[in-house]
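This report is a short walk through one structure for a reader who has not seen it before. Please look over the sequence and the model first.

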Amino acid sequence: MSQQQTKNSITLKGSAQIICEYLRFAINSVLFQRGLYPPESFKAEQEYGLTLLISEDPLIKGFISDILKKSEEWILKKEVKKLSLVIINVSNKEVLECWDFNVQYEEGDVVLSKEKNEKVSSKDLKKIQLEIRDVMLQVAATISYLPLLDCRCSFDIYVHANPECNIPEKWMEAAPISISNAQNVQLKSFSTNLHKMDTVVTYKLMD
Amino acid sequence: MSLFHDVLEPFRRVINTDPPKDKLSASSKLNLSNSDVSIKESLSNLLSTKRKSSMDTSELLTPEKRPRTESTSTNSPVPPSPWEAKKIKIDLIAAKAQITKLEARVNHQHSIRKEMQILFEEEKASLMDQHKRDEKALADMEERLQVIRRREQELREDHTAAVKENMENKTKWDKERLELQKQIADLKDKLLEANVSSRNQVSEMKKDMNELLQALEGAQSEVELLKKEVARQTSRAEQCIALKTQLDKQTFELQQVNSKLKDLEYERDCYKDWQQHAKTAQKRLSTMADLEKEVVRLRAAERTLRDAVCNKLLLEEQVNVLTAKVEALQPVQQELHEAKVKVALLESSLEEWMSAAKAHGVETARALSAALESAFAGQLTAVVNCSEAKTQMAQLTEEVATLKFERDKATTKLNDIMSVRKSQESLIHRLQKRLLLVTRERDSYRQQLDCYEKELTVTLCGESGAGSAALLSARVEQLEKSLQGYRDLLATHDQEAHAKLVESLRAEASKYREEAESSRREAGKLRAQRDQLQAHLDRLVQTPQPTTKILHLVDNPAAAAHKQMQLDMESAQEEIKRLKAALREGGSDVCPEEMQQLKQQLENSRIKLKRMKEEFTSSAQEYRDVVYMLLGYKIDRTGHKNYRISNMYAESAEEYLTFTLCDDGIEMVHTEYSASLNELVELHLHHHRSIPLFLSALTMELFTRTTMQQDIQ
């Protein structure tokens, strides 16, 4: 998973992979928790010391892996600022919920980077995984206060990239998200010392 | 005696039936009639003697029975002689023996007589019965006779009636006979007439017949002629048919021949074509040798041409490669030139650098790079510091601005407070002035008082009058009171008002201060809130800013879902339309028939159901009746799994048993009646464990009970 070249050093690529792995689990977890797809289409996997559920639907799997593959490239190029998982009401295209994954770029271990002639982080992988675990637990706990999705819903993933970035094939620009009467909940964040990941959930407050 | 004889007759007969039994007694009895007289005589004698002797015996016998009395009697004056006594004694003994014998005989006769009497009475009773029976029989016979007579009378009457009827019938029938005879005569006349007429008719008919026969013969001859004609005609027709078939065959053959002819013509045409082809081929064959030569020549030419083409292609490729190389090399050459120029430039610059470095005292390139790096690092840190400083400055400026704002606020507040204070001061001033005024007044009053006192002293000294003095004293008192009032007023004015004022002012000042504090706090809070909101706004407004561009995959699940939903919607709407159309069309013409059919079906099924119900109820009733008749029990279902059965021979309607159907069979429920059948329950249910046996036993018992009751009745 992570390219741990020597003791306690994570390269930029490895960090991006950690981020994307987290995104994969977080997105799948949200899809499961929010009940967008039937629970029987999910399979349990052990990760971060937790049992997480991953969708078995080939379409969803393919979609997420396509997005994350591209996102990893962009993260390496520092072109992504944020990924948003939006949950949309199918009938009127209204955005009901938005999970923002803000990516911040950090400097890492400067001294070690100098030694290795590339940007590395000396943060312990186990510590990162513990941090991710906390975030995942929070994600699972959100179900207690998020409003019930009682309509036919689907999801989409928006990548907030630099404006200079080229639009690849099969990709297109999307309209900005707006949620009326929105409520924000900031979840815990974690960092690899190269990338910092903030997770925020925005949802429409039902009256 | 005759009656006695008559009476004795059967008895005698009875005795005579067994003569060997006692002939002696019979003979003696036969002699009884003769001996009776003697007996009677002897009896009378005896009685007389007894009568005589009673006197004697009263004399004679008593001494034996009563010797004392005899002894007393013996003492009579006539004593008998011993001989006489002896004779008397012998006579007496003989008489006694005779008496006993006679008595026995009498007793015997008495017993015989009694037996006879009993026999006679029995005989009499039987005869009386017979007589009665005969009388009854007679009466019956008379009754019968009467009945018979009545019957005879009736029969006679019937007979006379029948005779009368017979006579009447006879007269009727005679009349009828006469009429019938008349009819017969008429009919005979008619018959005769008919015979005559028929004979005439027959003769006419015969004539006709002969004529007809003649006509028939003519016709038959004609028929024969016609038959012959027909035969001839048929033979001709056959000939015609044969001819026709021949014609058909010939036409068919003709057709075949025609077709063959056509084929032949076609073949001939083909042959002509072939001939032409052959001619051309021959011509071509003649030119074949020339052609072959030419072919060889052409082949050689072709080979040479191919080689040339190959060579040309090779050359072209080489040209292409070379041109490409040239093209590739041209920029390289240019680059080379440029590089040379650059190298020259760089060398000159390097020299300059070197000189500069030497001027700075650095000899080697590494040292220079190190120096540069350090310089860069310094610069970087400087830049960082600068940026930090800038940010700090910005923060500070912000802080300053806020502080200024606060200061402004505070100053405004201060101004307010100052103005308040000024107003307070003016108030104080006014109050002080008032105080002064009051003090002056007081002074004037004091002076007045003094002068009054002086006056008083003058008047008192003068002692002008008690009344005036009293008046004055009252006045003084009054004045003193007012003075006191003024003093009080003054005192209150002096201290309380001032203290109050000061306190109120102080309170106000502190209040304002507090207010300022709270407002400051509020300002801080509001600032924090503003910052938060700003951050929030930033977060929210981040997307439309040109800093980011939102990208997503074209075929995402949301779009797919939306498309799917639209498709669903369309299909649903189409279906709705289709259904509406169908409804509109079908509503007018399809439905009524179907409705009618369905209604009919419904009606049919209802009737069926009703009939089935009726059938079911009747068969159920029948079944129940049969069960009741065969098994003697009426079984009623009183609820779910509860059955009540009552026997045919039950004495009352309350004698019933209830059973419930359980999972493992049927169980009897305790009732009043079942409690009374303890014995049967014990024997058949508990011991034999068989309900049918119990029920049949109950039936038996009830049956026997009811039949016994009937017998008793």
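Is Ile132(A) buried or exposed? Ile132(A) counts as buried, because its relative accessibility is 1%, and the cut-off for buried is under 20%. The model is a predicted one, and the values below are computed from it.

## Chain A in outline

Chain A has 207 residues, and 50% of them count as buried. Its secondary structure consists of 4 helices and 10 strands. Read from the N terminus, the order of these elements is β-α-β-β-α-β-β-α-β-α-β-β-β-β.

Ile132(A), the buried residue of the opening question, belongs to helix H4 of chain A. Between Ile132(A) and Ile18(A) there are 9.7 Å in space, taken from C-alpha to C-alpha, while in sequence the two are 114 residues apart.

## Helix packing in chain A

Two packed helices are described by the angle between their axes and by the distance between those axes. Helix H1 of chain A, residues 12–33, packs with helix H4 of chain A, residues 125–141. The angle is about 20° and the axes are 10 Å apart. H1(A) and H4(A) therefore count as roughly parallel, since the limit for that term is an angle under 35 degrees. The crossing of H1(A) and H4(A) is right-handed.

H1(A) also packs with helix H2 of chain A, residues 58–76. Here the axes come within 10 Å and cross at roughly 150°. H1(A) and H2(A) are therefore roughly antiparallel to each other, because angles over 145 degrees are given that name. The crossing of H1(A) and H2(A) is right-handed.

Side chains of opposite charge can pair when their charged atoms come close. Over all chains, 22 salt bridges are counted. One of them joins Glu97(A) and Arg34(A), with 2.7 Å between the closest N and O atoms. This pair links distant parts of the chain, the two residues being 63 residues apart. Glu97(A) is in strand E5 of chain A, residues 95–105. Arg34(A) is in the loop between H1 and strand E2 of chain A, the latter covering 42–47. Both Glu97(A) and Arg34(A) are buried.

## Two loop residues with positive phi

Which phi value does Lys170(A) have? Phi of Lys170(A) is near 65°, a positive value in a residue other than glycine. Lys170(A) sits in the loop of chain A between strand E7 (153–161) and strand E8 (171–173). With 58% relative accessibility, Lys170(A) counts as exposed.

Asn193(A) is not a glycine, yet has a positive phi of about 75°. The loop that holds Asn193(A) runs between strand E9 (182–191) and strand E10 (195–204) of chain A. Asn193(A) is partly exposed, at a relative accessible area of 31%.

## Salt bridges in chain B

In chain B, Arg407(B) and Asp408(B) meet through their side chains in a salt bridge of 3.6 Å, N to O. Asp408(B) counts as partly exposed because its relative accessibility is 37%.

Arg442(B) and Asp443(B) form a salt bridge whose closest N and O atoms are 3.6 Å apart. Asp443(B) is partly exposed at 34% relative accessibility, and Arg442(B) is partly exposed with a relative accessible area of 25%. Elsewhere, salt bridges that share partners join Glu651(B), Glu701(B) and Arg705(B) into one network.

## Helices and a surface patch in chain B

How far apart are the axes of helix H11 and helix H12 of chain B? They are 8 Å apart, and the helices pack at an angle of about 150°. H11(B) is therefore roughly antiparallel to H12(B). H11 covers residues 678–687 of chain B, and H12 covers residues 691–712. The crossing of H11(B) and H12(B) is right-handed.

Which residues make the nonpolar surface patch of about 440 Å²? Val626(B), Met629(B), Leu630(B) and Leu631(B) make this patch. Leu631(B) is part of helix H9 of chain B, residues 590–631. Leu631(B) counts as exposed because its relative accessibility is 58%, and the cut-off for exposed is over 50%.

Methods: Residues numbered from 1 in each chain as written. Chains lettered and ligands numbered in written order. Predicted model: local features only at pLDDT ≥ 70, side-chain atom pairs only at ≥ 80, totals over all residues. Heavy atoms only, no water. Patch = residues over 30% accessible without salt bridge, like charges linked within 9 Å, V, L, I, M, F, W, Y side chains within 5 Å. Areas by Shrake-Rupley, 256 points an atom, 1.4 Å probe, with all protein chains shown as cover. Salt bridge = Lys/Arg side-chain N within 4 Å of Asp/Glu carboxyl O. Buried < 20%, exposed > 50% of the residue type's maximum accessible area, 1.4 Å probe, protein only. Axes fitted to C-alpha atoms, helices over the stretch in contact; angles between N-to-C directions. Parallel < 35°, antiparallel > 145°, perpendicular 65-115°, else oblique. Left-handed = near helix turned anticlockwise from the far one by under 90°.
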